[in-house]
Amino acid sequence: MMKCLYLLSVVFHVAAGCSLSGDKPVDITRHKGGSVLFPCSCSDLNTKPQKLTWWTFRTGTATEVLNDEHYRDRFQLFNHISPANLSLFISDLREEDQGVYRCRTEKEYRDIWLYVKGCELVKKTGVEDMTVFTGESVVLPCVCTDLQDKPKSVQWELIRINHVQEIYPEQTGHHRNRVKLVSNNAPGNLSLLISDLTEKDQGDYRCSVQDNSRDFRLSVKGTCFH
């Protein structure tokens, strides 16, 4: 009798299929370069869907995540371990990953909005004047409003009349081996340290991140002896 009831229970679960838990759209905000887990599961952990697909509408049209080259080597599913766990994990987030993601079974779907934060520079307008002396070091401050934001790239330039010279990440000219970023611990701290200053270092400097920039005017004076 008990065996028959167990078999009937199994048949019932298979016939009923997977009903997705939750019924409201979910908003998730993450930082560029980080990772995200899109939650999706059957409300009854003893069931599993006959079909599972993850879709994204980030480009304006529906694209299947698992077959999209854009996500190659960046996604992971968990239903091979727990059939009722349909969640999707994506790593190394990019700004272009932002958009709507849909977990769909043969019966229903759930939508999740992903927002990917990029780097917005603090005080990104205007020129900051700084005065130092030869032989000293100086830190040109350039930080994202959120220090956990990881910009795709950062560039520091020395701007002179009719000439722009990159000094970081490519170190050129007399700046070679004298410049470095202040911190590697906070992805959003892009401040530049220039050591052993000379009068040749005087000029306008620019920190650039995507379409944001911050400008500095550095004056280097000779050391006075009394």
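The unreviewed UniProt entry lists residues 32–106 and 120–219 under "domain: Ig-like"; positions follow the numbering used here, the feature name is shortened, and such annotations may be inferred rather than shown by experiment. The model is predicted: local features need pLDDT of at least 70, side-chain atom pairs count only at pLDDT 80 or more, and totals for chains, interfaces and linings use all residues. Residues are numbered from 1 along each chain as its sequence is written, and side-chain values use heavy atoms, without hydrogens or water.

Residues 32–106 are 0% helix and 31% strand (DSSP runs numbered from the N terminus; helices are H or I, at least four residues, and strands E, at least two). The end C-alpha atoms of this stretch lie 32 Å apart.

Three strands form an open sheet in the order β2-β6-β5, with antiparallel pairing (strands pair if DSSP finds at least two bridges between them). β2 (36–38) and β5 are the edge strands, each pairing on one side only. Between β2 and β6 (residues 88–90) there are three bridges, and the two strands run antiparallel.

R74 sits in the loop between β4 (63–64) and β5 (75–77). R74 counts as buried because its relative accessibility is 5% (buried, under 20% relative accessible area; exposed, over 50%; partly exposed, in between; 1.4 Å probe, protein chains only). Beyond its neighbours within four places in sequence, R74 is in contact (heavy atoms within 4.5 Å) with F89, I90, S91, D92, L93, R94 and D97. The R74 side chain reaches the backbone oxygen of D92 at 3.0 Å.

Conventions. A polar contact is a pair of N or O atoms within 3.5 Å; within protein, one must be able to donate a hydrogen and the other to accept it, and residues adjacent in sequence count only if both atoms are side-chain atoms.
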